Structures are given as C-alpha cells and as structure tokens.
Number of protein chains: 2
Amino acid sequence: MTARILASTHAPVRQSSVRAHNLALVLQTVANSAEPRSRAATAAATGLTRATVSALVDDLVAGGLLAEVAPAPRTGAGRPAAGLTLSPDGPAGLGLEINVDYLAACVVDLRGTVRHRLVEHADQRPVDATTALAGLAGLARRALAEPGPLPVAGAALAVPGLVSPGGLVRVAPNLGWHDVDAAALLRDALDLPVTVDNEANLAALSELRAAGTPDFVYVSGEIGVGAGIVLGGALYRGVRGWSGEIGHVPVHPDGLPCRCGARGCLEQYAGQEAILRAAGAPSLDLLDAAAGPALRDAGTALGIALSGVVNLLDLDTVVLGGSYGPLLPWLRGGIEPELRRRVLTADLAPITLRAAALGADAAVRGAADSVIRAVQADPAGYLARAA
Amino acid sequence: MTARILASTHAPVRQSSVRAHNLALVLQTVANSAEPRSRAATAAATGLTRATVSALVDDLVAGGLLAEVAPAPRTGAGRPAAGLTLSPDGPAGLGLEINVDYLAACVVDLRGTVRHRLVEHADQRPVDATTALAGLAGLARRALAEPGPLPVAGAALAVPGLVSPGGLVRVAPNLGWHDVDAAALLRDALDLPVTVDNEANLAALSELRAAGTPDFVYVSGEIGVGAGIVLGGALYRGVRGWSGEIGHVPVHPDGLPCRCGARGCLEQYAGQEAILRAAGAPSLDLLDAAAGPALRDAGTALGIALSGVVNLLDLDTVVLGGSYGPLLPWLRGGIEPELRRRVLTADLAPITLRAAALGADAAVRGAADSVIRAVQADPAGYLARAA
DNA sequence: TCGATTTGTTTATTGGTTGAATTATTTGCT
DNA sequence: AGCAAATAATTCAACCAATAAACAAATCGA
C-alpha cells in the first residue's frame with residue numbers, strides 16, 4: 001500500500017500542499033512527544049530527512065509555533081541535540097461555554113496548558129440569546145486580558161443544543177434558543193474566528209487529549225444525556241452536525257414518556273432528574289448509600305443503550321463524563337452486565353468503561369483545545385493568516 | 001481553509017505522493033462523469049492545469065485505466081475534444097460470496113459493468129471451511145475464464161460473519177466457521193490479492209455506487225440482520241472491523257431470548273424467522289395479505305432500532321436491503337412512525353427510507369466493486385504493481 | 001589531543017506542477 | 001475559398017519542495 005494522501009476531498013494537490021502537510025506532521029510529532037525532541041529524532045520519527053525537518057522547523061520557529069529549549073539529557077557521544085517543544089508563547093485557543101446556569105471562558109496555550117479560566121454563575125434562561133452572548137463576550141475579553149499578550153488563534157463555543165455546520169444554533173431547548181447565529185455574534189464581538197459545537201462533542205475532544213484512545217464514545221450526563229463520538233481520533237459530527245443524541249435512544253420503547261414526545265428514551269431512565277427521582281434525593285451531591293439501587297438501574301439503562309452503540313460501531317472504549325464521571329463506581333454495576341450480555345463481540349474483545357479525566361470544565365477545555373488542535377493540524381494555514 | 005491533504009495518517013508526503021493523489025483525482029473525475037470528459041474539462045473540474053492533466057492522462061492511458069473515445073457531441077467552435085472514459089479493458093474486480101446455501105462469483109470491469117456472474121446453490125453447512133473455499137475458488141476460476149482476457153486487480157470475499165482486518169473470519173455462526181483465514185486460503189488458490197469483509201458491509205458498498213448518497217446505513221435482512229454503515233462515502237468498519245451488528249441492538253430489553261444469549265435483540269422481532277413465525281408462513285415468497293400485521297410489527301422493531309442509530313449518527317438516509325428490499329412497502333408503515341416519533345431531529349430534517357437498488361446479489365456486486373474502487377482510489381499503486 | 005559519533009546545514013539533483021508559448025483543429029464570417 | 005476566432009492539447013522553461021551526500025559543529029572517550 002502506497003502512502004495515501006487524501007481520503008475523499010476532491011481537491012488538487014500541489015507542492016505547497018506537500019509542505020503544508022509536512023509542517024503539520026513535524027509539528028504534531030513534536031507536540032505528541034512528552035520530552036523535547038531534536039530535529040534528528042523528529043526526522044527519524046516522521047520518515048523525513050534531517051535536512052527537510054530542519055527547513056520545516058525553521059518555518060515553525062519563525063512563526064512562533066516551536067521553540068528551542070535546553071537539550072535533552074545527555075546520551076552518549078556526538079554533538080548535543082537542540083530540544084524542540086511547542087512554544088509557550090504560541091497561539092492560544094479561547095474556549096467558551098454557555099449553559100443553563102453559567103458562562104465559562106478558558107484560555108489554553110499551544111502546549112495545552114490552561115492559562116486562565118473564568119466562570120460566571122448566572123441563570124441564562126431569562127436572558128435572550130444576544131444578551132447572553134454579549135455577556136459571554138465580556139467574560140472572554142476578561143479571560144484574554146489576564147494571561148498577558150498571547151496571540152489568539154480563535155475561539156470555540158460549547159452549547160447544549162443542536163448546532164449546524166456554520167455555527168448556527170438550531171435548537172437549545174434548555175436555553176430557549178432557536179436559530180441563533182452564535183458564531184456570527186461572537187465573531188463580531190471578539191474579532192476572532194469562532195466555531196460553535198455541541199457541548200458533548202467538545203467534552204469528548206477534551207477526553208481525546210487527556211487519554212489518547214482514538215476511538216470511543218463519550219457519554220455526558222447533564223440535564224440531558226448527550227454523547228460525543230470520536231472515530232479515528234476525530235470527532236464524528238454526523239451529516240448535519242447533530243450526532244450524539246444518545247439521550248433519546250429508546251431503551252424501553254413502551255416506557256416512560258419523554259419531553260421529546262416519544263416513550264422510553266434513555267434520558268427518562270438515566271438523566272439527572274430520573275436519577276434524583278429514583279433516589280429520592282434533591283441533588284446529586286447529596287446521594288447516599290441508599291441511592292445504590294437507583295444508580296444501578298440508571299446504569300442498566302445506560303448499558304442497554306450503550307450495547308446498541310457498541311454493537312453498531314464496534315468501539316472498544318466507553319467514557320462516562322459530566323455528572324456520570326464521579327458516579328461511575330455505582331453505575332458500573334448496572335452497565336457492565338448489560339454490555340457483557342448484549343454486545344455480540346463481548347467475549348472476543350473487552351470493552352473498557354472508564355470515567356472522564358476532566359469534570360465540569362470538560363466542554364470549555366475541549367472547546368479551547370479544538371482551536372489549538374486546528375492550529376496543530378494546519379500550521380501552514382495559521383502561519384499564512386498570521387503573516 | 002487551505003487544502004487539507006492528510007486526515008490522520010502520520011506519514012511523510014513526497015512529490016511522488018502528489019502525483020499519486022492527482023492521478024486518483026483525475027481518474028475519479030473521469031469515472032464519476034456520465035459522459036466522456038475531455039482533458040480540458042477534467043482540468044477545469046479538478047483545478048489542475050491542462051498541462052498536468054495531459055501528463056497524468058498519458059500515464060493512465062498507458063496503464064490501461066483510461067481510454068480515448070469519440071469526442072463528445074460538438075459544441076461551438078474550436079478544436080474538438082478527445083473524450084476520455086474508463087477503459088473497458090481495464091482491470092476488473094472479482095467479487096466472491098459464500099453463504100449458507102450458495103456460492104457466488106462476479107466479475108465487474110473497471111467501468112462497473114458486470115462481465116460475468118455465477119451462482120452455485122449448495123448447502124455449505126455440512127462442508128468444512130477449506131473445502132467450501134476450494135469450491136469457491138473453482139467457481140471463481142470459471143467466472144474469470146469466461147469474459148476473456150481481462151487483467152484482474154484483485155478479489156474480495158463477502159462472508160456472513162465477523163471479519164478481522166487481515167481477512168481472518170473470526171466467527172460465522174451460520175457457516176459454523178471459527179477463525180478461518182479465508183484471505184490466505186483464497187490468495188493461495190487464486191494467486192490474487194484478496195480482501196474479506198462482512199456481507200452487509202459489501203452490500204452497503206454496492207448501494208453506494210448505485211445511489212450516490214455518501215452517508216447512510218444499509219440494513220440487510222438475511223437469516224441474521226446486519227448493517228453496513230457508510231460515512232462520508234466510505235465504509236465505517238469499526239475498531240476491529242466488527243461494526244454493523246444491528247441485529248443485536250436491544251429493542252425490547254426484557255423481551256424474547258436471542259440465540260446470542262441476550263434478550264430482546266432486534267433479530268428476534270425483525271429477522272426472517274421472526275417474520276415467518278409471526279406471519280405463519282413457510283417462506284418469504286409465500287407471504288400474503290394476511291402477513292401485513294406481522295410485517296408492520298417487524299417494521300416497528302426496525303424503526304425502534306433505527307431511531308437509535310439515527311439519533312446517534314445523524315444520518316439522513318436508511319436503505320433496506322436483502323430480503324427487506326421487496327418488503328419495504330409493508331415494513332414502511334411500521335418503521336416511519338417510529339422514526340418520526342423517536343428521532344429528535346425528525347422535524348428539522350427529513351429521513352429518507354428507501355429500498356436497495358440491488359437485490360440478492362448486492363454483496364457479490366459490492367465485493368467486486370470494492371476491488372475496482374480500490375484501483376480508482378489508488379491508481380498509482382495499481383500501476384506500480386502491474387508494471 | 002585525536003578519532004568516533006551524532007547533530008544540524010549546505011549544495012546539487014530529482015520529480016512534479018505551473019504558466020506561457022506553441023501547435024492542432026474546428027466553426028463562423030466575409 | 002480564405003481568414004479570424006475559438007478551443008484543445010502539447011512543449012518547454014521556471015519554480016518549489018524533498019532527497020542524498022557532503023560538510024561543519026560539537027561532544028565523548030581513549
């Protein structure tokens with residue numbers, strides 16, 4: 001098999017595309033290595049020659065994406081290597097989140113380090129979309145002012161709702177939004193490139209950085225139940241960007257009526273309200289030992305829905321995030337037996353079930369991450385824009 | 001957005017990769033146009049220059065992939081264009097299928113035309129895997145002998161079971177197969193590159209050619225119920241190649257016991273046996289008006305499972321194939337109400353439900369198709385091998 | 001101090017696309 | 001019939017990016 005370049009996009013490839021690709025290859029290779037990597041080591045890792053890597057690195061250093069650091073610890077004879085790392089002063093990503101009862105902003109630098117983080121608790125339901133986004137823009141400006149003068153590559157917004165490709169929020173039931181062009185509003189307010197995505201999708205992205213498994217489904221238990229599907233290291237968004245609505249997968253087709261109009265949706269058995277109702281508790285923080293059976297039942301419902309997902313997509317990893325993360329020890333007893341019984345290939349290969357690495361701020365972090373991930377995936381594009 | 005070259009593969013790109021890509025681009029552009037296309041028109045369509053296209057076309061013609069034909073109908077002044085089409089003498093694909101009660105082979109030329117097709121009805125269950133595959137190899141040789149001396153790029157085998165990436169059949173319950181290295185056995189017998197895939201996956205591929213929608217789920221109702229998931233014009237195979245087991249998606253979690261050990265799997269409500277049992281008929285060919293309610297119930301079960309699929313993957317098209325194809329008029333009444341009720345985005349965008357273009361030979365055709373599709377996707381690789 | 005070793009750079013070469021000029025072949029106009 | 005305009009395809013010099021090989025730089029070990 002020769003090196004395939006392009007999967008499906010029907011676009012011509014010229015020499016400049018070769019350079020664009022190899023720039024990304026070098027940048028990502030350096031980014032993905034724990035310790036500083038020399039030019040020679042990068043050449044070995046990528047399959048490019050040292051001469052080529054040197055030339056590419058020159059561009060990346062000049063563009064502020066890579067920086068030379070103290071050589072790695074000595075090892076044998078020879079000229080000492082110059083260490084390369086992602087530049088701490090490289091372009092940062094601005095992550096934004098709007099949710100029912102808070103706004104959040106988060107600045108993450110090119111290395112993935114959180115440089116600043118702001119949360120503003122306030123009920124967004126009575127506020128209209130334009131006002132809410134204006135408030136978020138203010139929060140964003142404050143977050144950007146703090147960490148000093150970093151170039152900012154762009155912003156990404158997480159919303160609890162259905163988002164169309166251009167950044168149009170079609171529906172966000174809990175916010176009361178309909179057809180809000182959040183991307184345009186924020187772009188005007190911040191003067192930055194802005195993308196918008198579903199919160200579960202972006203939270204899944206944050207998990208991708210944290211854990212590294214390239215294929216998994218991330219299930220986020222918030223007021224609704226959503227999922228982010230990561231296939232081959234990339235978010236799967238669906239035909240119209242509305243993938244991941246696991247909360248409305250039927251688990252008991254003739255069961256409880258759901259606010260969506262159907263019956264037996266997962267959300268009615270494993271959503272926050274359902275769990276609290278079953279446990280007889282006023283808040284997830286106040287669950288006690290008596291909540292065990294309620295959580296086990298919720299886990300069973302999750303297990304039923306997830307069995308369908310795994311049978312269909314053949315995933316080997318399920319990540320539970322949002323409010324499910326801390327509850328996993330109790331949910332596991334419900335989920336795992338269902339997966340074992342119902343997943344056809346369960347006896348051929350194990351399914352890993354684990355809690356998300358990040359908690360409540362997974363979505364903002366993932367949003368910020370998506371920005372720097374885009375820079376890392378297309379440094380040539382960033383360099384061209386920045387110049 | 002600059003032209004992205006590589007999605008995820010971490011491989012360096014050199015000039016030869018550029019040529020490989022652009023060869024594929026030109027070949028596919030010609031392949032996807034209904035009428036013969038000139039070099040100039042191809043240049044315009046691809047964004048390459050005419051000089052480049054001419055050079056690429058020279059290679060493709062020399063390699064027997066493209067051929068010049070009579071110019072397209074005249075249009076205005078100027079030198080008439082030389083028409084280009086896929087060569088009728090170009091490399092063919094050999095599709096193979098092994099199933100419970102028949103073997104099939106099918107030779108499809110580069111243009112997608114079926115050149116020869118053979119089916120041998122015989123119960124494969126009493127036969128062991130090696131013997132069955134030897135029989136299939138014989139059938140294949142007869143199919144290849146017929147259409148005259150065509151170069152054959154490779155073979156693909158459809159099996160009703162779980163297939164690992166290398167072509168190892170892990171389990172094929174209805175054939176009684178366990179860990180059969182079908183790819184290796186056929187490769188030795190035929191002296192051709194051989195790939196192996198699940199029958200539903202390959203049937204879905206045939207539908208991709210027939211219909212052209214790039215995203216859909218193809219549900220195949222055979223003895224088991226399987227699905228092929230096509231995302232972005234490519235088959236989604238899953239982490240281990242075991243995707244599409246929709247037959248074991250739970251639709252009534254506490255319902256009928258399934259042969260897989262779980263309860264309430266779709267197969268128990270919409271599989272062939274279930275339908276025949278409910279309709280009280282001995283064969284699908286003998287269904288009469290009285291079978292209406294049985295088919296409607298099967299459709300309801302399908303609708304429940306498919307609602308989960310669509311909620312999760314945000315697909316806009318569902319294709320019913322295998323024995324479901326001809327039954328769609330009766331199944332539709334069961335499926336559509338469920339999709340309307342249960343798919344969260346049903347009122348934002350319609351879901352198309354349609355019967356497959358091909359019938360029983362969808363899998364063989366898809367298998368043959370997968371071979372020529374691979375040639376079209378990487379002509380440089382084929383030319384290098386052929387030389 | 002000197003050779004071995006490894007890193008990084010320089011230089012000529014190669015492969016592939018581009019753009020402009022050139023050749024080829026037709027239609028339309030006079 | 002003859003000529004201009006138009007369109008198709010090819011040729012050729014220029015350019016761009018990667019490569020290979022030689023070279024310079026910096027360190028270790030004897």
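The largest share of the surface near DNA strand C, 5 residues, comes from α1(B); near means a C-beta atom, placed from the backbone, within 6 Å of the strand. Helices (H or I, at least four residues) and strands (E, at least two) are DSSP runs, numbered from the N terminus. This is a predicted model, in which local features need pLDDT of at least 70, side-chain atom pairs count only at pLDDT 80 or more, and totals for chains, interfaces and linings use all residues. Residues are numbered from 1 along each chain as its sequence is written, while chains are lettered from A and ligands numbered from 1 in the order in which they are written.

**DNA strand C**
- Around DNA strand C there are 31 residues, of which A51(A), S54(A), G78(A), R79(A) and R79(B) come nearest.
- Two or more residues each come from α2 (39-46) and α3 (50-62) of chain A, and from α1 and α3 (50-62) of chain B.

**Chains A and B**
- In chain B, 65 residues are in contact with 66 residues of chain A (C-beta atoms, placed from the backbone, within 7 Å).
- On the chain B side, α1 (15-31), α9 (292-313), α10 (324-342) and α12 (379-386) each supply at least two residues.

**Helix α3(B)**
- V53(B), L56(B), V57(B) and L60(B) of α3(B) are buried (20 or more other C-beta atoms within 10 Å of the residue's own, all placed from the backbone; exposed means 12 or fewer, partly exposed in between).
- The face turned away from the buried side of α3(B) carries the exposed residues A51(B), D58(B) and A62(B).
- After α3(B) comes G64(B), with a positive phi near 80°.

Technical notes
Two residues are in contact if their C-beta atoms, placed from the backbone, lie within 7 Å.
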